[in-house]
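Hello,

Here is the structure I said I would pass on.

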Amino acid sequence: MKTRFTRYVPLLAILVLAVLLAACSSGNGNTKEAASTAAPASASPAAASASPAPAAKTVYPLTIENYANNGEGTEWKAKAQTFDKAPEKVVANTQGAAELLIKLGLTDKIVGVAALYGAGDPAVQEEFKKIPVLSQDYASKELVVGAGPDLVMGRGGLFADADWGVGTVGGLNDLGIKTFVQSTSLQGATLDSLYKDIEQLGQIFDVQDKAAAYITELKERAAKLKEGAAAGGKTFAYVSDGGNGAIAVYSGNVDTFAGDVLGLMGLTNSYADVTGEISKEQLIATNPDVLLISVYTGGVDTDQSIKAFYADPSLQSLKAIQNKAIYKIDFNQFWGYSYSIFDGAEKLASELAAAK
């Protein structure tokens, strides 16, 4: 079954096989599969410098290297975006993108947000309430363009189709709308990609000082996660309820940003190099130490799913079942491709440490 995850949030392709998911099918017809957002070496977000920009004033026109592709399933390539001035009206195509702008003091620049699929960051909750919500689900190109933005930013997969999501980079640029694809949402992304995104946003909006300070803060959080290494070298797999409590597995092989952060705490994806579907038999044979299941707005009751997994006779040989090592992770935190992944990772690290 096609899902919102498999098309626009590959990591949770299976986490939403039958219901609304942050990236899976929705009741309003947004049933799509996640685009494979593979970036070539020349445009690899992992290759971006992690060094924050100096706190200096932006000189316009400013040209930055960002990304574009030629449609769903095609490779992302470097594409320049030139800004004659700081954007005044921004649409964030996901909750995580909007929260990042808020962190940089740019709430008043946001004219729309969409895809509210997980718990928001309590630290920016009051500011977030000021932002017009274009759609609780993924916003269409019509909704986005109708908000009158001079910049659309966010998850790359939502730019990969001319007819679904916010439209393609080229199509928006042709309308005079600049675009900023989060490099964290492309295959090959690492934490350095997040730092680079923040650095570039600081340049675009002339808030380099705030961007540099925030990058420093996030690097300190990353160092603490690595120092704690709560998982101690365990393996994991992403799972979901495939229907009626049946377990489903997704490789997460293209969601390298989340994998990089989970790696800080000593977690290794059992299927990082696997493409295609993964059967229950493969899961049993691989026998990962930990199973991660996503919680998302409008989704299945994960508590009931976990209860069903623990009770499934065919899964009793799994270490994660025997050790009660299924953990819930929030969709917005892990698939918002933004700073909130630290909130999710720190919570998971605390739970893993408590289970020792």
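In α8, residues F257, A258, V261 and L262 make contact with I341, A345 and L348 of α13. Sorted by class, this contact has seven nonpolar residues, with no polar and no charged ones. Please keep in mind that the model is predicted.

As for the geometry of the pair, helix α8 covers residues 256-264 and helix α13 residues 341-355; their axes come within 10 Å and cross at roughly 40 degrees. The crossing of α8 past α13 is right-handed.

Now the sheet. It is open and has five strands, ordered β5-β4-β3-β6-β7, with parallel pairing. The edge positions are taken by β5 (133-135) and β7 (178-181); each has a single partner strand, so one side of each is left without a neighbour in the sheet. On average, neighbouring strands are turned by 20 degrees against each other, direction ignored.

Within this sheet I looked at one pairing in particular. Strand β3 (residues 90-92) runs parallel to strand β6 (residues 151-154), and three bridges join them. A92 has M153 in β6 as its bridge partner.

Which helix lies across β3, β4 and β6? That is α2 (residues 95-103), which runs at about 145 degrees to β4 (110-114).

Regards

Note on methods: Residues numbered from 1 in each chain as written. Predicted model: local features only at pLDDT ≥ 70, side-chain atom pairs only at ≥ 80, totals over all residues. Heavy atoms only, no water. Axes fitted to C-alpha atoms, helices over the stretch in contact; angles between N-to-C directions. Helix = DSSP H or I, 4+ residues; strand = E, 2+ residues; numbered from the N terminus. Left-handed = near helix turned anticlockwise from the far one by under 90°. Contact = heavy atoms within 4.5 Å. Nonpolar A, V, L, I, M, F, W, Y, C, P; charged D, E, K, R; others polar. Pairing = 2+ DSSP bridges.
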